[in-house]
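Hi there,

Here is the structure I promised to pass on to you. Have a look at it first, and then read on for my notes on what turned up.

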Amino acid sequence: MSPAALDKPADLTLWPTNPPARVATGRSFSTLREALTEAATAINIGYAQPWIITEDGDILAPNWIKANIDERHLQ
C-alpha cells in the first residue's frame, strides 16, 4: 500500500466480539489514516473486529490491520 493511500477515503466496519450481538456498525472516513486509527483503538480495547475497505477497493482484514498498523505512520 502506498503512502498516498493513507490520505484517501475509506470505510470501516466494526463487528462486535461479544456474542450474541452480531450487528456490525459502519462508518466512512475522509482518510484511511483516520479509519486505521479507529481500527487500532477497536483492536487494542478488544471490543470489535475491524474491517476496512479502501477507496481503491482493497479489503483490510483484522489480521492485516494488526500486523501492519504502525502508529508512526498514522500521525
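The protein chain has three helices and four strands, and along the sequence they follow the pattern β-β-α-β-β-α-α. Please keep in mind that this is a predicted model. Of the 75 residues in the chain, 29% count as buried. The accessible surface comes to about 4800 Å², and 54% of that belongs to carbon and sulfur atoms. If you take the contacts between residues at least 6 apart in sequence, 49% of them join residues at least 24 apart.

What does L12 touch, once its neighbours within four places in sequence are left aside? The list is T25, G26, R27, F29, A35, E38, A39, P50, W51 and I52.

Helix α1 deserves a look of its own. It has 14 residues and reaches 20 Å from its first C-alpha to its last, close to the 20 Å expected at 1.5 Å a residue. Its buried residues are L32, R33, A35, L36, A39, A40 and A42. As a reminder, an α-helix has 3.6 residues a turn, so residues three or four places apart point the same way. Just after α1 comes G46, which takes a positive phi of about 85 degrees.

Now for the charged pairs. Side chains of opposite charge can pair when their charged atoms come close. How many salt bridges does a search of the whole structure find? It finds two.

- In one of them, the side chains of R33 and D7 meet at 2.9 Å, N to O. This pair links distant parts of the chain, with R33 in helix α1 and D7 in the segment before β1, 26 residues apart. D7 is partly exposed, with a relative accessible area of 47%, whereas R33 is listed with the buried residues of α1.
- In the other, the side chains of D56 and K8 meet at 3.4 Å, N to O. D56 lies in the loop between β3 and β4 (59-60) and K8 in the segment before β1, so this pair ties together parts that are 48 residues apart in sequence. K8 is partly exposed, at 30% relative accessible area.

Strand β3 holds another residue to look at, T54. Is T54 buried or exposed? With a relative accessible area of 10%, T54 is buried, because the cut-off for that is under 20%. Leaving aside neighbours within four places in sequence, T54 is in contact with M1, P9, A10, L32 and L60.

Finally, the outside. W15, W51, I53 and I59 form a nonpolar patch on the surface, with about 410 Å² of accessible area together. W15 is found in strand β1 and counts as partly exposed, at 38% relative accessibility. W51, another member of the patch, is also among the contacts of L12.

Methods:
Residues numbered from 1 in each chain as written. Predicted model: local features only at pLDDT ≥ 70, side-chain atom pairs only at ≥ 80, totals over all residues. Heavy atoms only, no water. Contact = heavy atoms within 4.5 Å. Salt bridge = Lys/Arg side-chain N within 4 Å of Asp/Glu carboxyl O. Helix = DSSP H or I, 4+ residues; strand = E, 2+ residues; numbered from the N terminus. Buried < 20%, exposed > 50% of the residue type's maximum accessible area, 1.4 Å probe, protein only. Expected span 1.5 Å × (residues − 1). Patch = residues over 30% accessible without salt bridge, like charges linked within 9 Å, V, L, I, M, F, W, Y side chains within 5 Å. Areas by Shrake-Rupley, 256 points an atom, 1.4 Å probe, with all protein chains shown as cover.
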